[in-house]
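Q: Hi! I'm new to this one and would like a quick tour. Could you put it up on the screen?

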Amino acid sequence: MSDKNFPGNGPGRPKDLAKREAILEAAKCLFLRHGYDGCSMDAIASHAGVSKLTVYSHFNDKETLFAAAVKAKCEEQLPDLLFEPTEEAPIEALLVKIGLGFNRLINSAESVGLHRTMIALATSNPRLSKLFYEAGPKQLIEDMARLLIKLDRAGKLRILDPQSAAEHFFCLLKGGHHFRHLIGCAEIQSEDDEQAHVLDVVEVFLRAFRA
């Protein structure tokens, strides 16, 4: 993450960066725990150990902070470096690693709760739903699409539409279990079931797109 987007200069700057990280950590925790409407800027400031004025000095409003928290949570589970192919790592291993990270992200109690909140707010606050999509799911799809372009150019996969292929990959990972979990009809998968599901998805994906 580039420092150019952070406020503050001079001797006090490291302290400002530390406060910004504390605010983001508090926002990730409280937004995921209580949802958007159930979380106030006062609560985030208190949790981060800073003043509300400090929160607003780093993030202009609650919506901006929410989007930043969603993005940070996704990057925590699926960092940008995960989408960089290497000569040493087989494609299967790379896709399995991404798949496991994504599967754990979307099926965590926090993410399921936030997803339910976004669905509930879809009619009353479509702007917030759009912010959520652009900060989280859209970023992951774009990261995956860029990876698929690189693999296509390297001759390892044959990808005609990277965006569509990326969406196919993540939709396969969600599968039926995630929907059942989302509506409260299933518990979270065991590690063995999760591993088997991701391996199956990667096999299907490679069968469709291997060069």
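A: Happy to! The chain has ten helices and zero strands. Helices (H or I, at least four residues) and strands (E, at least two) are DSSP runs, numbered from the N terminus. This is a predicted model, where local features need pLDDT of at least 70 and side-chain atom pairs count only at pLDDT 80 or more, while totals for chains, interfaces and linings use all residues. Residues are numbered from 1 along each chain as its sequence is written, and side-chain values use heavy atoms, with hydrogens and water left out.

Q: What does the C-alpha trace span along its principal axes?

A: About 55 × 45 × 30 Å.

Q: And how many of the residues in the chain are buried, as a percentage?

A: Buried residues make up 43% of the 211 residues. Buried means under 20% relative accessible area, exposed over 50%, and partly exposed in between, with a 1.4 Å probe and protein chains only.

Q: OK, what's in the largest nonpolar core?

A: That core has 33 residues, and those with the most contacts inside it are Ile98, Met144, Leu148, Phe169 and Phe170. A nonpolar core here is a set of buried Ala, Val, Leu, Ile, Met, Phe, Trp, Tyr and Cys residues joined through side-chain atoms within 4.5 Å.

Q: Which elements give two or more residues to this core?

A: They are α5 (91-107), α8 (137-153), α9 (162-182) and α10 (191-209). The largest share, nine residues, comes from α5. Apart from this core lies another one, of 30 residues, with Ala26, Cys39, Ala67 and Leu121 among them.

Q: Let's zoom in. What does Met144 touch?

A: Not counting residues up to four places away in sequence, Met144 touches Phe83, Leu95, Ile98, Ala166, Phe169 and Phe170. A contact means heavy atoms within 4.5 Å.

Q: And Leu148, is that one buried or exposed?

A: Leu148 is buried, with a relative accessible area of 0%. You'll find Leu148 in helix α8. Leaving aside neighbours within four places in sequence, Leu148 is in contact with Leu157, Ile159, Pro162, Ala165, Ala166 and Phe205. The C-alpha atoms of Leu148 and Ile159 are 6.9 Å apart in space, and the two residues are eleven apart in sequence.

Q: You mentioned Leu121 in the other core. What does Leu121 touch?

A: Leu121 touches Tyr36, Asp37, Pro126, Leu128 and Ser129, not counting residues up to four places away in sequence. Leu121 sits in helix α6 and counts as buried because its relative accessible area is 11%.

Q: Changing topic: how many aromatic pairs are there in the whole structure?

A: A search finds seven. Rings of Phe, Tyr and Trp (its six-membered ring) pair if their centres lie within 6.5 Å; planes under 30 degrees apart count as stacked, over 60 as edge-to-face and the rest as tilted. Phe31 and Tyr36 make a stacked pair, 5.9 Å centre to centre with 5° between the planes. Phe31 and Tyr36 are both buried.

Q: What about Phe205 and Phe209, how is that pair arranged?

A: That pair is tilted, at 4.8 Å centre to centre and 45° between the planes. Phe205 and Phe209 both lie in helix α10, four residues apart, about one turn of the helix. Together with Phe102, Phe169 and Phe170, they form one aromatic cluster.
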